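Dear colleague,

I am handing over a structure that you have not worked with before, and I would be grateful if you could look through it alongside the notes in this email.

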Amino acid sequence: MTRNRNVKSYEGCHTSLFYNLRWSVPGMFKKMTIKKILRTIHTLFDWKFRIIYVRSRPWAVRLEAAAICNLKCVTCDTRDKKFEKGQAKIMTLKSFRHICKMISHNVYRMTFYVMGEPLMNKNIFKMVEIASKENMYTSFASNFTLMKKTYLKELFDSGLDWLSVALDGFTQETYSKYRVCGNVENLKNGIRMVMEYKKLNNYKKPFLTVYCIDFFHVRPEISEIKRFCTELNVDEFRLRHDNSNWDNSYKHRVLKKPIRNCYWPWICLTIDADGSVYPCYYALKKGFRYGNLLKQDLDEIWNNNYFMETRKYIKSKIKKSNLNLPCYTCSLFN
């Protein structure tokens, strides 16, 4: 039976550590080992007490398997991303193996998505399989318009735990208003193929979430989208507010912002397709690199000047350096 959820305060709650974990805690718990539990406790301790030079290491990773996308969604940052000459736009399997080996003893959650479309990477399911074999909880979000029948076996054999798919409209006319260049029939066929294959072969995962952004132009078709998900026994349907307020369908509320609750520089690591490291999505969006895992060791990066000054700033909210950190202009935690 499809679960129906309305995410009413996404703008504020998606920055919460609890919000980002609660959907996947049961699945992640199965991936835990005693060593990883102890390392997680150590990381949470360092975050709770705002330790600047940390001996713990991040246990959650967001990795950009592909920094490009086949769509041109209206408010997406990917369409405006600038690449330096020679900069990798799609992570190679060799690069992923190198990075995974470096971080696997600490990490037990890996999301293969930041801004781009994961299915643009032909090795995405091989990467997921490698991470799954390292006892990591694996997930990614996709527009799913590139899904093909030939990918089904790879997808299910990879051990992917959670798949999130965006369906913002049931007809092509409605869908393409925001998901520019997207084909809604390809997307719906992809969802249908996955759920039929899952049922036929009695697979328990991936857990498939279909979400819809509550745009004005989509609202007349939401009931049809829900019916489609119910008929296919999709695991979960989420109706989400428009975070960007693109069509003024979401009246932004003044939210109490977590002045000192940012957890990213202690708990998470964001990795671009070229191996560049960032403390969070916002830093990646700004292009402010903290290091590169294809050129440096994690231990070298994790306590360098950028990370330490970032933790100092989050702890005291006083600008003590001339590094012009992305945190200084972050709207989520300031």
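The notes below go through a helix pair, aromatic rings and backbone geometry.

Please keep in mind throughout that this is a predicted model, and that the values below are computed from it.

I begin with helix H5, which covers residues 93–103, and helix H6, which covers residues 124–133; the two pack at an angle of about 15 degrees, with their axes 10 Å apart. Because angles under 35 degrees count as roughly parallel, H5 is described as roughly parallel to H6. The crossing in which H5 passes H6 is right-handed. On the H5 side the contact is made by Leu 93, Phe 96, Arg 97 and Cys 100, which meet Lys 126, Met 127, Ile 130 and Ala 131 of H6. Sorted by class, this contact has six nonpolar residues and two charged ones, with no polar residue.

H5 also has a buried set of residues, namely Leu 93, Ser 95, Phe 96, Ile 99, Cys 100, Met 102 and Ile 103. As a general point, an α-helix has 3.6 residues a turn, so residues three or four places apart point the same way. The partners against which the buried residues of H5 pack are S2, S3, H6, strand S8 (268–271) and helix H13 (298–302).

Turning to the aromatic rings, a search of the whole structure finds 20 aromatic pairs. One of them is formed by Trp 59 and Tyr 108, whose rings are stacked, at 5.3 Å centre to centre and with 10 degrees between the planes. Trp 59 lies in the loop between helix H4 (34–48) and strand S2 (60–63), while Tyr 108 lies in the loop between H5 and strand S3 (109–111), so this pair ties together parts that are 49 residues apart in sequence. Trp 59 is buried, with a relative accessible area of 3%, and Tyr 108 is likewise buried, with a relative accessible area of 6%.

Phe 156 and Tyr 203 form another aromatic pair, this one tilted, at 4.8 Å centre to centre and with 35 degrees between the planes. This pair, too, links distant parts of the chain, since Phe 156 belongs to helix H7 (residues 152–157) and Tyr 203 to the loop between helix H9 (184–200) and strand S6 (207–213), 47 residues apart. Phe 156 counts as buried at 5% relative accessibility, whereas Tyr 203, at 29% relative accessibility, counts as partly exposed. Elsewhere, ring pairs link Phe 288, Tyr 290, Trp 302, Tyr 306 and Phe 307 into a cluster.

The last topic is the backbone. In general, most residues other than glycine have a negative phi, and most peptide bonds are trans. Asn 202 counts as exposed, at 59% relative accessibility. Cys 181 has a positive phi as well, of about 80 degrees, although it is not a glycine. Cys 181 is found in the loop between helix H8 (172–178) and H9, and at 55% relative accessibility it counts as exposed.

With kind regards

Key: Residues numbered from 1 in each chain as written. Predicted model: local features only at pLDDT ≥ 70, side-chain atom pairs only at ≥ 80, totals over all residues. Heavy atoms only, no water. Axes fitted to C-alpha atoms, helices over the stretch in contact; angles between N-to-C directions. Helix = DSSP H or I, 4+ residues; strand = E, 2+ residues; numbered from the N terminus. Parallel < 35°, antiparallel > 145°, perpendicular 65-115°, else oblique. Left-handed = near helix turned anticlockwise from the far one by under 90°. Contact = heavy atoms within 4.5 Å. Nonpolar A, V, L, I, M, F, W, Y, C, P; charged D, E, K, R; others polar. Phe/Tyr/Trp six-rings, centres within 6.5 Å; stacked < 30°, edge-to-face > 60°. Buried < 20%, exposed > 50% of the residue type's maximum accessible area, 1.4 Å probe, protein only.
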